[in-house]
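I opened the notebook to record some side-chain contacts. Here is the entry I am working from.

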Amino acid sequence: MFEEESAGVDEKVDFAAALSSAILARGVTLTWLRERLAESGNPVSAATLSYWRSGARRPEGPQSMAAIEQIESLLDLDARALLSLIGPTQRVGPIGPPQYPMEEGRLEQAVAETFLALDAPVMDPARDVATTAVTEVGSDGFVISRTTRTLLQSTSGTITNVPYLDLTPGVRTPAPTFSFVSGGHISRRHSHPSGEVHGAMFELERPLGPAQTTMIEWKLEYPPGYPSTSETGHGVARRCRDIVLWTRFHPDALPDWIEEVEETPTDTRVTPLFLDGATTIHQVRHGWGPGMLVLRWGFGERA
């Protein structure tokens with residue numbers, strides 16, 4: 001089964017024109033090409049080949065790329081002569097509808113009001129494609145900072161900014177320090193009166209068009225007077241391709257117990273985890289969300 005998508009104007013002209021010219025130069029038909037592809041184990045329908053040649057559609061997905069590689073050989077072209085013209089994918093992929101990631105939508109009103117104060121839609125048209133968050137835990141056993149790198153994608157329209165929030169359910173806190181490491185700058189900050197939701201608006205370096213991606217990196221640090229925090233995590237409102245959370249403990253303050261909390265709009269799952277002699281622990285999810293993935297730890301007996 002081949003994945004296809006309508007082509008962008010410039011990309012479809014370049015790729016389609018090159019494919020059409022190569023077929024003409026080789027003096028073969030689409031039927032001949034289809035038969036040779038089937039013999040080599042890369043079957044492609046005549047309709048799909050016709051779409052590719054006309055520019056109505058372009059190849060998408062690993063099977064289609066393997067077929068194009070075979071076509072290059074069949075048409076006596078240099079390696080990547082066609083592949084290099086396809087350009088980056090414009091498929092957003094399956095993401096599902098945005099949802100509030102926490103079970104029963106607790107804090108939902110505070111979150112909505114914070115988005116409003118940041119001049120952002122409650123469910124913005126962006127999604128985390130892949131996120132890696134690194135949490136540093138100090139010698140007192142509490143969080144010092146969390147640095148997050150995200151591959152961000154526009155799901156519709158063109159976006160120039162994206163909001164991010166820090167939540168402390170049930171605990172009133174001062175605002176943590178948001179700082180942008182790379183990929184843009186912070187234009188606005190807001191703390192909800194409840195003290196449980198703090199947010200920042202990140203302005204991107206360049207506008208992000210439909211299905212386009214960009215990398216951003218930001219950091220959260222906790223100021224003096226901030227309540228001692230022995231948990232970390234990351235939440236997504238849409239399905240995310242990859243999430244990696246890496247928590248690094250100070251060697252002089254390794255916790256006695258650790259648990260993972262996976263919270264979705266419909267369920268909460270708690271799983272004990274163990275360091276097993278290490279000083280760091282990581283959590284990984286593929287094709288996951290919406291939800292909150294959290295790590296908690298403590299010292300002494302688990303309450």
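Is Glu-231 buried, partly exposed or exposed? I looked up Glu-231 and found it partly exposed, at 34% relative accessibility. My cut-offs for relative accessible area are under 20% for buried, over 50% for exposed and partly exposed in between, with a 1.4 Å probe and protein chains only.

Two notes on the source. This is a predicted model, so I take local features only at pLDDT of at least 70 and side-chain atom pairs only at pLDDT 80 or more, while totals for chains, interfaces and linings use all residues. Residues are numbered from 1 along each chain as its sequence is written, and side-chain values use heavy atoms, with hydrogens and water left out.

Salt bridges. I count a side-chain nitrogen of Lys or Arg within 4 Å of a carboxyl oxygen of Asp or Glu. That rule gives 11 salt bridges.

I checked Glu-231 again. Its partner is Arg-296, with the closest N and O atoms 3.2 Å apart. Glu-231 lies in strand S10 (residues 231–236) and Arg-296 in strand S15 (residues 291–298), so the pair ties together parts 65 residues apart in sequence. Strands here are DSSP runs of E, at least two residues, and helices are runs of H or I, at least four, both numbered from the N terminus. Arg-296 is partly exposed, at 29% relative accessible area. I also noted a network in which salt bridges with shared partners join Glu-35, Arg-36 and Glu-39.

Next I took Glu-217. It forms a salt bridge with Arg-149, the closest N and O atoms being 3.1 Å apart. Glu-217 is in strand S9 (residues 213–221) and Arg-149 in strand S4 (residues 143–154), so this pair ties together parts 68 residues apart in sequence. Glu-217 is buried, at 15% relative accessible area.

Aromatic rings. I pair rings of Phe, Tyr and Trp (its six-membered ring) with centres within 6.5 Å; planes under 30 degrees apart are stacked, over 60 edge-to-face, and the rest tilted. The whole structure holds seven aromatic pairs. Tyr-222 and Tyr-226 have ring centres 4.7 Å apart and planes at 55°, so I logged the pair as tilted. Tyr-222 is buried at 18% relative accessible area, and Tyr-226 is buried at 10%. Ring pairs also link Tyr-164, Phe-178, Phe-180, Phe-202 and Trp-218 into a cluster.

Last, helix H3 (residues 46–54). Its buried residues are Thr-48, Leu-49 and Trp-52. They cover an arc of only 100° around the axis, which puts them on the same side of H3. I took the arc from the directions from the helix axis to the C-beta atoms.
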